[in-house]
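Got the viewer open and a selection tool ready? Let's take a short walk through this model, one stop at a time.

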Amino acid sequence: MNMGVVGMVAGMALGFAGYFGGFGAFLLVAALGAIGFIVGRFLEGDLEPGDFFRSRERGDRRR
């Protein structure tokens, strides 16, 4: 499934949640979708836990 189809399905799910459940359901579906996306990327090996928890090096700071 290409990314266009995945985006369309996600948009439809958010639309249905917003229409039938209101704004709270819309936010819940969006948050759970984002969490599922991140977990999926971890399982595929595209992300590692260190990507989120890596400390900044001294040279990366702007002054």
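Now step back and select helix 1 itself, residues 3–21. Its 19 residues reach 26 Å from the first C-alpha to the last, close to the 27 Å expected at 1.5 Å a residue.

Before zooming in, colour by pLDDT, as this is a predicted model. The mean for the protein is 80, with 84% of the residues at 70 or more. Among the elements, helix 1 has the highest mean pLDDT, 87, while helix 3 (residues 50–53) has the lowest, 74. Where pLDDT is low, the predicted coordinates should not be read in detail.

Next, show the aromatic side chains: the structure holds 3 aromatic pairs. Select Phe16 and Phe20, a stacked pair with 6.0 Å centre to centre and 10 degrees between the planes. What separates these two along helix 1? They are 4 residues apart, so about one helical turn lies between Phe16 and Phe20.

For the last stop, select Phe16, Tyr19 and Phe20 together: they form one aromatic cluster.

Conventions: Residues are numbered from 1 along each chain as its sequence is written. Side-chain values use heavy atoms; hydrogens and water are left out. pLDDT is the predictor's confidence in each residue, from 0 to 100. The expected span of a helix is 1.5 Å times one less than its number of residues. Rings of Phe, Tyr and Trp (its six-membered ring) pair if their centres lie within 6.5 Å; planes under 30 degrees apart count as stacked, over 60 as edge-to-face and the rest as tilted.
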